[in-house]
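Here is a short report to read alongside the structure. Please keep the 3D view open as you go through it.

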Amino acid sequence: MSFKDLLKEKLDGKINIDLDKFPTGFQRIGDIIIINLDSSLYNYKKEIGDAILEIFKVKSVCNKFGGIKGEFREPQIEIIAGSDDTIVNHLENGIKYRFDIRKVMFAKGNLNERARYSKLIRDGEIVLDMFAGIGDFSLLIAKLSKSKKIYSIEINPVSFVFFEENIKLNNVNNIEAINGDNRKIIDDLVSKGIKADRVLMGYLPPPKEFLPWAFKIINKNGFLHYEDILIVGNEKAESDKIMKMISGIAKDYGFEVELFHLQDVKSYGPKKHHYVFDILVK
Ligand code: SAM
């Protein structure tokens, strides 16, 4: 039986609303279920939350009432049933992630992207993760590749505390986690003579204004992973335009760039897809 039908069966006759407005799906992270409730159902949050709690026997049920917000990319999530404790332990690709789903963003849709990075790394690489979050990419790379060292920068102190905890939880020892603004941290690293063979720019909306810092620290023949949104059906023209913009910035730092691979990550709203540009820096 579908999620919607299960809910309908539980709540039919108990609340007087259009049952077709019930969510069709849900996301489960650790032992918490997150749904996206239609605003016409907000008066029945409690009943719906309790029904889901009963069906799945989870710790809490939460509702995502808005998009991801601000520089720290914070989610807008509220508890509608169950425990107030929204810290989850999530296992993915063999990596343990512990974080608070109300305070820190974690995109389940980026699962394959996280796994893909660890396979791209060449032995002995120095990697720099400009937007580390709770260690989404860095932990996998540390655990599953033969990288020499990973510098991972995260500005949000709340995410950073979970990141440090996750480093310990996964027993990795080649990540240097740094709390701060990646622009300042990269300037500091470069002044100490540190360079990277691969730079990850895992951030949306597209982190265009951060590109100069990626080029300040990257080595010749290194790879840059840049994220952007492309309109379905117009991918070629748009990606050409983005590469032209990146090429202009690269030139200021004495580099040329080549689009090595364009990776479709996930749908990002109507007719939009989230892409990663794998860029060879020459
Ligand atoms: N890279 C992971 C991914 O793509 O799944 C996690 C990315 S998370 C969406 C983006 C993170 O970048 C947030 O945790 C945010 O706090 C951090 N951030 C934003 N601006 C930053 C900056 N100037 N320096 C370092 N981190 C920054």
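The sections below cover the model, the ligand site, the sheet with its helices, and one lysine.

## About the model

This is a predicted model, in which local features need pLDDT of at least 70, side-chain atom pairs count only at pLDDT 80 or more, and totals for chains, interfaces and linings use all residues. Residues are numbered from 1 along each chain as its sequence is written, and side-chain values use heavy atoms, with hydrogens and water left out.

## The ligand site

Let's begin with the ligand. It has 19 residues around it, of which E71, F131, E154, N182 and G202 come nearest; a residue counts as near if one of its heavy atoms lies within 4 Å. This shell is made up of 8 nonpolar, 6 polar and 5 charged residues. In that classification, Ala, Val, Leu, Ile, Met, Phe, Trp, Tyr, Cys and Pro are nonpolar, Asp, Glu, Lys and Arg are charged, and the others, Gly among them, are polar.

For D136, a polar side-chain atom lies 3.5 Å from a ligand oxygen. On its own the ligand has 600 Å² of accessible area, and the protein covers 97% of this (Shrake-Rupley method, 1.4 Å probe).

## The sheet and its helices

Next, follow the open sheet of 7 strands, which has mixed pairing and the order β9-β8-β7-β10-β11-β13-β12. Strands here are DSSP E runs of at least two residues, and helices are H or I runs of at least four; two strands pair if DSSP finds at least two bridges between them. β9 (175–179) and β12 (257–267) each have a single partner strand, so one side of each lacks a neighbour in the sheet. Neighbouring strands are turned by 15° against each other on average, direction ignored.

Within the sheet, β10 (196–201) and β11 (218–231) are parallel partners over 5 bridges, and M201 stands opposite Y226 of β11. Helix α6 (182–191) packs on the sheet, touching β7, β8 and β9, and its direction makes about 145° with that of β8. Helix α8 (235–252) packs on the sheet too, touching β11, β12 and β13, at about 140° to the direction of β11. Contact means heavy atoms within 4.5 Å, while axes are lines fitted to C-alpha atoms, for helices over the stretch in contact, with angles from 0 to 180 degrees between N-to-C directions.

## A look at K45

Finally, find K45 in helix α2 (45–56). Leaving aside residues up to four places away in sequence, K45 touches L37, N63, E78 and I80. The C-alpha atoms of K45 and C62 are separated by 9.5 Å.

Definitions and conventions: A polar contact is a pair of N or O atoms within 3.5 Å; within protein, one must be able to donate a hydrogen and the other to accept it, and residues adjacent in sequence count only if both atoms are side-chain atoms.
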